[in-house]
Amino acid sequence: MSGTNQRTFEDELWEDLSEETARKAVNTKGRTVVYGIWHATRIEDITMNLLVAADDQIFEKENWAARINASVKHTGNSLDKKEILRFSERIDINELRVYRMAVARQSENIIRRLKPEDMKRDVHQANLQRILNEQAVDDVPSANWLIDFWGKKDVAGIILMPCLRHQLVHLNESMEAKRRKK
C-alpha cells in the first residue's frame with residue numbers, strides 16, 4: 001500500500017504470522033490479530049467513507065461480508081472475548097487483508113481530494129444516523145458511544161483518530177497478541 005520498499009509496522013505484523021496465531025493468540029484484552037485488523041479497518045471504512053466523504057462504505061459496495069465470511073458487519077466493539085475467538089475462527093484471512101488494502105487506498109483517495117477548508121467541517125448528523133441504520137455500529141452501549149464520540153469531531157479529528165491513531169493502537173495490540181501466541 002505504501003508504495004515504498006520500506007517495511008511497515010503492518011508488514012512486520014504479518015511477517016511469519018501463522019494462521020493459528022492470527023486466529024487464536026490473544027492480547028491482554030482478549031483480542032486476536034484477526035479481530036484487531038477487522039475492527040480497525042471497519043472503523044476506518046465507516047468514518048472515512050460515511051463521515052468524511054459522505055459516500056458508501058467499501059464494505060457495502062463490494063459485498064465484503066460474504067467475501068470475508070464475517071458473522072457481523074459492525075465494528076466488533078460489542079463482542080466479548082469468546083465471541084471474538086469465534087469470529088476470528090471463521091474469517092477468510094486473505095480476503096481480510098485485501099479488504100484492509102481496499103479501505104486504505106480509498107482513505108488515501110479521500111484525503112487527497114480534501115481541501116484545507118474541509119478539515120474544519122463538522123460531520124453531518126444524518127451520516128451519524130446512517131451508521132446506525134446500516135448497522136455499521138451495533139446499537140448497544142458497548143458500541144454506540146462511538147456515534148457521540150465521532151459526532152464531536154471535525155474532518156481533521158476523524159482523520160487523526162479513527163483513521164491514523166486508531167490503526168496504530170490496534171496494530172500494537174495485534175503485535176502483542178502475535179508475541180504472546182497461544
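In this predicted model, helix α8 is followed by Q135, a residue whose phi is positive, near 55 degrees. Within α8, the residues N127, L128, R130 and I131 are buried. They span an arc of only 155 degrees around the axis, which places them on the same side of α8. The other side of α8 carries Q125, A126 and N133, which are exposed. The cover over the buried residues of α8 includes α3 and α9.

The next step is to look at one of these covering helices, α9. The axes of α8 and α9 come within 10 Å and cross at roughly 165 degrees. An angle over 145 degrees counts as roughly antiparallel, and α8 and α9 are therefore roughly antiparallel to each other. Their crossing is right-handed. On the side of α8, the contact is made by Q125, L128, I131 and L132, and on the side of α9 by N144, I147, W150 and G151.

Helix α9, which comprises residues 141-151, also has buried residues, namely A143, L146, I147 and W150. These cover an arc of only 100 degrees around the axis, which puts them on the same side of α9. The face of α9 turned away from the buried side bears P141 and D148, both exposed. The buried residues of α9 pack against α3 (33-52), α8 (125-133) and α10 (155-180).

Two of these partners, α3 and α10, also pack against each other. Their axes are 8 Å apart and the angle is about 175 degrees, which makes α3 roughly antiparallel to α10. Among the residues that make this contact are G36, H39, A40, T47, M48, L51 and V52 of α3, together with I158, C163 and H170 of α10.

I158 lies in helix α10 and is buried, with a relative accessible area of 0%. Leaving out residues up to four places away in sequence, I158 touches T47, M48, L51, V52, V123, W150, K153 and C163. The separation between I158 and Q135, the residue that follows α8, is 23 residues in sequence and 19 Å in space, C-alpha to C-alpha. H170 also has its place in helix α10. H170 is buried, with a relative accessible area of 4%. Residues up to four places away in sequence again being left out, H170 touches R31, G36, H39 and A40.

The largest nonpolar core has 27 residues, of which W38, L96 and Y99 touch the most other members. At least two residues of this core come from each of α1 (9-14), α3, α4 (58-61), α5 (64-68), α6 (81-90), α7 (93-113) and α10. With neighbours within four places in sequence left aside, W38 is in contact with F59, I68, A70, V72, K73, H74, T75, G76, F87 and L96. Apart from this core lies another, of 21 residues, which includes I46, M48, L50 and I131.

How values were computed: Residues are numbered from 1 along each chain as its sequence is written. This is a predicted model: local features need pLDDT of at least 70, side-chain atom pairs count only at pLDDT 80 or more; totals for chains, interfaces and linings use all residues. Side-chain values use heavy atoms; hydrogens and water are left out. Buried means under 20% relative accessible area, exposed over 50%, partly exposed in between (1.4 Å probe, protein chains only). Helices (H or I, at least four residues) and strands (E, at least two) are DSSP runs, numbered from the N terminus. The arc is that of the directions from the helix axis to the C-beta atoms. Contact means heavy atoms within 4.5 Å. A nonpolar core is a set of buried Ala, Val, Leu, Ile, Met, Phe, Trp, Tyr and Cys residues joined through side-chain atoms within 4.5 Å. Axes are lines fitted to C-alpha atoms, for helices over the stretch in contact, and angles run from 0 to 180 degrees between N-to-C directions. Angles under 35 degrees count as roughly parallel, over 145 as roughly antiparallel, 65 to 115 as roughly perpendicular and the rest as oblique. A crossing is left-handed if the near helix is turned anticlockwise from the far one by less than a right angle, and right-handed if clockwise.
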